[in-house]
Structure formats: C-alpha cells, structure tokens
Amino acid sequence: MVFFKTDDEIELLRESNQIVSRTLAELAKLIKPGVTTLQLDKVAEEYIRSQGGVPGFLHYNGYPKSICTSVNSQVVHGIPSDYTLKEGDIISVDCGVYKNGFHGDSAYTFTVGEVVVETLELLKVTKESLLLGIEKARVGNRLGDISWTIQNHAETHGFSVVRDLVGHGVGKNLHEKPEVPNFGKRGSGMILKKGLTIAIEPMINAGKKEVIQGKDGWTITTRDNKPSAHFEHSIAIKDDKPDILSTFKFIEEVLDGKK
Ligand code: MF3
Ligand code: CO
C-alpha cells in the first residue's frame, strides 16, 4: 500500500531530511586520506543525536551502524570499519535520520583527494541523473518517467545502471511502497499523485551493471570491481512541482571551501 502524506507530514519529513543533509556536511569536513569509515560513523551518530534525531539505519533489519560507507567498487550498504580512506578513493555515504515519527534518507558520493577524471565523470553523471529524474516527479507523470530518465542519462554517457537495488517510498517507514527503479520504460508504472514521498537513489557503475553481495550480508560490490557512484534525495510531489526534502547545499558549501 502506498501512503500519501499531508503537507504537515511532509514538513516533518523535511525536518528529518535536513538533519541528514547537515550530517553529511559534517562528514564532508572530515573526508580525507587517513580517516577511517568508523570515525565517520561515530561523528554521524553523535551529530544526529545532538539534533534530537535517532540514526534511521541503526538496527534496521539488523544493520549494525548509523551510516553506510561504500568505497570504490562498493555500490551501497558498506559497513563502517577500520578501513582508512586513501588518496584517489571515492566514498558514498548514505545517511538516515528518524525524528518525529518520520525518516530522512539521502546519500552523496565524495572524492578523497585527487581522483582520476573518468571517476569524476561517473560522479557528475550520477548526480545529474538523480536531478533529471527528480524533474520528472510531477503530478500526472508516471513512475517509469523518472526511471527511464535516470537510465537514459547514465547509459548515454557509457555507464550502467544497477538493477538489483532500487529507490523507495519514504515516510513513517524507511522503506515504503512504491519501489523506484533507476531503469524502465517511459509512460509505464504508477501515476504520480500529490503527497507521494519517495527516495530516488541511482546507483551507477563505471563498468558492467552486475553486482554481488558480500559475505557480511550487507555490502554490495560491482562484479567487475570497477567503481560505482550513488546519490540519493528524498522528495515530495507537490501540486506544481517536486519538492526536494534533503539538500546537497550544506555539503557543497563545505566542498567548495576545501578547494
Ligand atoms: N538508502 C539506503 C536504502 O534505502 C539505506 C538503507 S541502509 C540500511 O537502501 F542499513 F538501513 F538498510
Ligand atoms: Co534509500
């Protein structure tokens, strides 16, 4: 069943998502060679709790940490560990916050020091595909319009779209109906209506689309070991336009200051 949200509920979702976005900006300050992903997790958990939230991923289906940190060929759901970030890595940080009964969910892929230009292109195209997909999240369009737009942009640039994991409805539960694939046909799928809130999260691979699940039961990795990127926003469909509830603004202010 799909749950449509009132305007008041959407404001609560926005509050949770804004904490997610500020948490990711705190991590943006720390991401550099020499930092472990466990250190990032600790800072995230402390920041989320300082804002009156609870880490939305912690203990979700037994997940052991507050964020997902997926490095290089890891696609999503990497578990923070004593892995030390090194020059040339990329790291997707996925963060969730639960507050006032609603979940926030957003992810950003960061560079660690200097990264090869092919990988920079992967990050740019993945973020663009998310933003282009969001543009299609309008009353009267169909879910497949979002999916097709993301797939088309990624594949036009020579990248491939992960099929095994998808975006999702978001609200009182972290994962609600409908599923939001990053691939599909234009004009197919459910008709989008006011009050639908979804997390759109393209996972785009530099090489082939196939992925494998790690022995830890969580980490998803590309089969060919080439890099993968992941960007995610939670959005609400309003009468006239998509309303992006998370934001990359705080993150990008930090990153612009680093240059
Ligand atoms: N954004 C991720 C997802 O929607 C977050 C889930 S991680 C989990 O799949 F650990 F909570 F499962
Ligand atoms: Co998600």
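Biologist: In what sense do strand E10 and E13 pair, and over how many bridges?

Modeller: This is a predicted model, and in it strand E10, residues 203-205, pairs with E13 in the antiparallel sense over three bridges. One pair to look at is Met203, whose bridge partner in E13 is His230.

Biologist: Which strands form the open sheet with that pairing, and in what order?

Modeller: The open sheet is formed by three strands in the order E6-E10-E13, with antiparallel pairing. Its edge strands are E6 (160-161) and E13 (228-230), each of which pairs on one side only.

Biologist: What about H3, where does it lie?

Modeller: Helix H3 lies across E10 and E13, and runs at about 35 degrees to E13. The helix also turns up in the largest pocket, where H3 gives the most to the lining, with five residues.

Biologist: OK, on to that pocket: how many residues line the largest pocket, and which lie nearest its centre?

Modeller: The lining of the largest pocket has 22 residues, and those nearest its centre are Tyr108, Thr111, Leu120, Leu255 and Lys259. Two or more residues each come from strand E5 (102-111), helix H3 (117-135) and helix H5 (249-258). The space in this pocket is about 700 Å³, and its lining divides into 10 nonpolar, three polar and nine charged residues.

Biologist: And what is the volume of the second largest pocket?

Modeller: The second largest pocket has a volume of about 470 Å³, and 25 residues line it, with His77, Val166, His168, His175 and Glu201 nearest its centre. Strands E7 (167-169) and E8 (176-180) each give two or more residues to that lining, and the largest share, four residues, comes from E8. By class, there are 11 nonpolar, six polar and eight charged residues in the lining.

Biologist: Staying with E8, which proline lies in that strand?

Modeller: That is Pro178, which lies in strand E8, and the peptide bond from Lys177 to Pro178 is cis, with omega near -5 degrees. For context, most peptide bonds are trans.

Biologist: Back to His77, what is its phi?

Modeller: The phi of His77 is near 65 degrees, a positive value in a residue other than glycine. His77 sits in the loop between strand E3 (74-76) and strand E4 (90-99).

Biologist: Why does His77 count as partly exposed?

Modeller: His77 has 24% relative accessibility, so it counts as partly exposed, a class that falls between under 20% for buried and over 50% for exposed.

Biologist: And Asn225, buried or exposed?

Modeller: Asn225 counts as exposed because its relative accessibility is 56%. Its phi is also positive, near 65 degrees, and Asn225 lies in the loop between strand E12 (220-222) and E13.

Terms used: Residues are numbered from 1 along each chain as its sequence is written. Chains are lettered from A and ligands numbered from 1 in the order in which they are written. This is a predicted model: local features need pLDDT of at least 70, side-chain atom pairs count only at pLDDT 80 or more; totals for chains, interfaces and linings use all residues. Side-chain values use heavy atoms; hydrogens and water are left out. On a 1 Å grid over the protein atoms alone, a cavity is a set of points where a 1.4 Å probe fits but cannot get out, and a pocket is an open set with protein on both sides within 12 Å along at least five of seven lines; lining residues have an atom within 4 Å of a point. Grid points are joined across faces, edges and corners, and a volume is the space filled by probe spheres set on the points. Ala, Val, Leu, Ile, Met, Phe, Trp, Tyr, Cys and Pro count as nonpolar, Asp, Glu, Lys and Arg as charged, and the others, Gly among them, as polar. Two strands pair if DSSP finds at least two bridges between them. Contact means heavy atoms within 4.5 Å. Axes are lines fitted to C-alpha atoms, for helices over the stretch in contact, and angles run from 0 to 180 degrees between N-to-C directions. Buried means under 20% relative accessible area, exposed over 50%, partly exposed in between (1.4 Å probe, protein chains only).
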